[in-house]
Amino acid sequence: MHFQWYPGHMTKARRQMQEDMKLIDLVIELVDARIPLSSRNPDIDQLGKQKARIILMNKADLASPQQTEQWSSYFKERGCFVVKLDARTKAGMKNINNVIMEACKEKMERDRRRGIKNRPVRAMVVGIPNVGKSTFINTFAGKACTKTGNKPGVTKGKQWIRLNKNVELLDTPGILWPKFDDQRVGLYLALIGSIKDEILNIDELSLELIQILRENYPGILTGRYEVLEEQEPAGILKEIAQNRNCIKKGNELDYSKAAALVIEEFRSGKLGKITLEFPEGQKKAEKNNA
Ligand code: G4P
């Protein structure tokens, strides 16, 4: 598979983020709960080194709750505050203000010791494209927010959203590019629909998905498509095409239609709550590299 690069945009976005980092106390990083590592760029660990950090595991409504729980522990063990989220709904937002306060406790304490009172915490949302940054800002800030406009001491043109008396949010999120070092990362991003246009081969992608599902979520394919899972992915795709009446002109099976169907049903959650990468595997890899 081949993925397109936009090095110019990436350099510009990175530079912008470095500038914005100077203005904030807290980095709110969104990852996709279905691929919590592949949907983040570890550069943020360096860029946001001196800052308080919260990881929002977004699209948790589409991910396996057990795996999300385990990933949550994984990030907490590495010093981050973590919140599971469906950014489209107001429900998950309640907790976030408390977590922000918790994450910035030290900073507020420092301010207090220096005699600085009531300076709001300034935060910035970052993440790869399509992870839900705008959705989150809209839901979190809601209608109640007031834009504070330009202020002395703040770079001209920066818009801050005043969430409450304690927190201000930069209204434009920082964009991170995923890191395609590993082929699996590209595959996972393509599967969740993050890099749609770059996909060369939807059939190949669906076979990879089928393989992941039969290995890690036995019964899901049988349940949805009445197929036998104890066979090669290509055989399973063929059965799906048969059972779902994916037929081309000339009465031939339409594998691409079946492939697109499986991928769409995965992305929209019709196949169930599915996480594609697992913290256990990652921990093992980290141990081996240590
Ligand atoms: P971005 O700013 O990071 O690029 O992402 P954006 O908010 O535009 O969200 C990308 C897509 O992800 C949107 O769908 C959005 O509705 C969806 N989304 C965001 N958060 C969640 C979540 O927690 N759960 C689920 N299931 N979906 C989420 P879209 O199809 O591109 O647009 P639309 O159908 O919402 O109009």
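## Basis of the model

The model is predicted: local features need pLDDT of at least 70, side-chain atom pairs count only at pLDDT 80 or more, and totals for chains, interfaces and linings use all residues. Residues are numbered from 1 along each chain as its sequence is written, and side-chain values use heavy atoms, with hydrogens and water left out.

## The ligand site

The ligand has 16 residues around it, and Asp61, Asn130, Lys133, Ser134 and Thr135 come nearest. By type, the shell divides into 6 nonpolar, 5 polar and 5 charged residues. In this division Ala, Val, Leu, Ile, Met, Phe, Trp, Tyr, Cys and Pro count as nonpolar, Asp, Glu, Lys and Arg as charged, and the others, Gly among them, as polar. Helix H6 (residues 133-141) supplies the largest share of the shell, 3 residues. Helices (H or I, at least four residues) and strands (E, at least two) are DSSP runs, numbered from the N terminus.

Polar contacts are pairs of N or O atoms within 3.5 Å; within protein, one must be able to donate a hydrogen and the other to accept it, and residues adjacent in sequence count only if both atoms are side-chain atoms. The side chain of Asp61 places an N or O atom 2.8 Å from a nitrogen atom of the ligand. For Arg88, a polar side-chain atom lies 3.4 Å from a ligand nitrogen atom. Asn130 takes part through its backbone, with an N or O atom 2.8 Å from an oxygen atom of the ligand. On its own the ligand has 710 Å² of accessible area, and the protein covers 60% of this. Accessible areas come from the Shrake-Rupley method with a 1.4 Å probe; for residues, only the protein chains shown count as cover.

## Helix H7

Helix H7 (residues 183-192) is mostly covered, with 8 of its 10 residues buried. Buried means under 20% relative accessible area, exposed over 50%, and partly exposed in between (1.4 Å probe, protein chains only). The buried residues of H7 include Val185, Tyr188 and Ile192. Their cover includes strand E1 (26-32), helix H8 (202-216) and helix H11 (255-267), where contact means heavy atoms within 4.5 Å.

At the start of H7, a side-chain oxygen of Asp182 comes within 2.8 Å of the backbone nitrogen of Arg184. After H7 comes Gly193, with a positive phi near 90°.

## Aromatic pairs

The whole structure has 5 aromatic pairs. Rings of Phe, Tyr and Trp (its six-membered ring) pair if their centres lie within 6.5 Å; planes under 30 degrees apart count as stacked, over 60 as edge-to-face and the rest as tilted. Trp71 and Tyr74 form an edge-to-face pair, 5.1 Å centre to centre with 80° between the planes. These two residues are 3 apart in helix H3 (residues 65-77), so about one helical turn separates Trp71 and Tyr74. Trp71 is buried at 0% relative accessible area, and Tyr74 is buried at 3%.

Phe136 and Phe140 form a stacked pair, 5.1 Å centre to centre with 15° between the planes. Being 4 residues apart in helix H6, Phe136 and Phe140 are also separated by about one helical turn. Phe136 is buried at 0% relative accessibility, and Phe140 is buried at 8%. One aromatic cluster is formed by Trp71, Tyr74 and Phe75.

## Lys257

Lys257 is in helix H11 and is partly exposed, with a relative accessible area of 46%. Lys257 and Ile202 are 55 residues apart in sequence, and their C-alpha atoms are 9.3 Å apart in space.

Key
A residue is near a molecule or strand if one of its heavy atoms lies within 4 Å of it.
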